Amino acid sequence: MDYYNFYTGREFEAYRFLGAHVEGDTVCFRTFAPAAARISVIGDFSSWQEIEMAKIYDGNFWECRVPAKAGMRYKYRITRGDGSFLDHCDPYGFSSELRPQTASVIVGLDNYEFQDRQWLRRRSTAVQKPVNIYELHFGSWRKKAEKEDGWYSYEELGELLIPYLKENGYNYVELLPLSEHPSDESWGYQNTGFFAPTSRYGTPDGLRAFVDQCHQNGVGVIMDFVPVHFAVDDYALWNYDGTALYEYPHADVGRSEWGSCNFMHSRGEVRSFLQSAAYFWLKEFHFDGLRMDAVSNLIYWQGDPARGVNDGAVRFLREMNAGLKARMPDAMLIAEDSSAYEGVTRPVSENGLGFDYKWDLGWMNDTLSYFQSSPEQRAERYHSLTFSMYYYYNERYLLPLSHDEVVHGKATILQKMNGGYEDKFPQARALYLYMTAHPGKKLNFMGNELGQFREWDEKREQDWSLLENPNHDAFHRYIRELNQLYLKSPALYQLEQFREGFRWVDCHQEAKCVYVFERICPKQRMVFLFNFSACPQTYLLRLEGAAALKPLVDSDQKKYGGAAPADAFQRISLKEGGTALLLPRFSGRGYLVEEKKEPEK
């Protein structure tokens, strides 16, 4: 490791030096703890008796070599200046005990041999390709048993999940954080082990096998990464060497809105720790991307624009993203950012933050709020759905209907739809067609595709029994066929970053709540019509240069739970580029536009 780079926040492979590294019949332990008075390693190899570590280099690093082997547990006993001590897990540990136990576990980094070379050769950030993400919490998609720890292992869940993803038209899976965390209820967002895959679901090599198997089946894997804050547990990063080594020393900026400790990103050692962790997941586990959590809390002090920009954290983001891109140019970097900060997806070389995509939380909030409103209110709120295209080309966006929208009393996506039971399904179908047709990559949280009414609970698996109900089974089929349509329709993704890829046909039908737009690419032209009112609407469609409309999807078809028979959705010849269409209440339709042939000269 380059010490200068470590101290100045330029190191990306600190984990290759720090942590526990197997060297034949011995293990080399190293940790960074400048303020410690004394450090010993304790573990299975010493019957938990102390083995003293020695200072190395400038006295801020500690090291010892011990006869030990993989699978053994260990901790660092760190003595402070006042003579008191705490036993800590290893900040750079590669595995941990199953909670509530807290020791680190020795594992090798290079035991697993990946078989995904072909996938990696063709991998890209998919700017002009479809990205349809299934967001998943590993422990509650399916469970072996309805008990607290009835989880499938990494390998076992892969066998169940991968066929489901392929059948249902998802080409990426995004995993809520898998770095080790003490509380199930944090869903992995309050970490104690930034280099350790949680032992809830097995071993680090088990996770590698899961990613490898996904790749061999054409599925990309993204993981949530948390560079903002960490858990307050005293056995982990908090007050690691007796001082605020990773966190701020002052509570006014040191504690986050979630009660956790904020990282002090102005310290080079902290930046090297975090960007080494980010690189670790991409390099050592072959993840295809990282979705970085709570980026607005990095951009602004405590996530509040009124408190100003946190220049140290912004500099950290730019340098980390630039370094990751230099090493892994084909890996996706995705920002969960609720702010209006400019240049989030602009390259660092152009003074941007260097992300590939940004969650469009404005689109999500406006869209869900619109569908929660009554049909009578929608006329006056009409342009909350057109607003997204005014700012869309400022960044590269991903449209999320994520886990955050189906917890904490917010209600599920289906339940959010206005009205009673019978009205919720057609509105949800229309919403999902609107999402599919709207420019931007897609993300849907597990369970949304089943039409769940119960909010997500990390202790329970998804309500798969809903598929025995015809309404939910039809809704599930609808989402599956929408996903497949998206994946095979280049007009929906090829030019989504360019203005010529989208055209409003009509966005001034306020009284009728009708919206019409086209999606376009060189070899395909599609038109989508939506009626979000509670009444059928007749709409006169005129498309320049169009000869006919070939049906693609109708959210009101009987096979999806609607009222229209299959034979009612037919090819339509246009007279002088126009036709009158009757749009059912709470519905959407998509057509392939057949253009007029130019007369031969």
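Reply: A salt bridge here is a side-chain nitrogen of Lys or Arg within 4 Å of a carboxyl oxygen of Asp or Glu. The model is predicted, so local features need pLDDT of at least 70, side-chain atom pairs count only at pLDDT 80 or more, and totals for chains, interfaces and linings use all residues. Residues are numbered from 1 along each chain as its sequence is written, and side-chain values use heavy atoms, with hydrogens and water left out.

Start with Asp 293. Its partner is Arg 291, and their closest N and O atoms lie 3.0 Å apart. Burial is set by relative accessible area: buried is under 20%, exposed is over 50%, and partly exposed is in between (1.4 Å probe, protein chains only). Asp 293 is buried at 8%. Arg 291 is buried too, at 0%.

Next, Asp 463 and Arg 460. The closest N and O atoms of this salt bridge are 3.8 Å apart. Asp 463 is buried at 17%. Arg 460 is partly exposed at 38%.

Then Lys 144 and Glu 156. Their salt bridge has its closest N and O atoms 3.1 Å apart. The pair links distant parts of the chain, 12 residues apart. Lys 144 sits in the loop between strand S10 (132-136) and helix H3 (154-167), and Glu 156 lies in helix H3. Helices (H or I, at least four residues) and strands (E, at least two) are DSSP runs, numbered from the N terminus. Glu 156 is partly exposed, at 31%.

There is also a network. Salt bridges link Arg 38, Glu 50, Glu 52, Arg 77 and Asp 87. Across the whole structure, the search finds 39 salt bridges.
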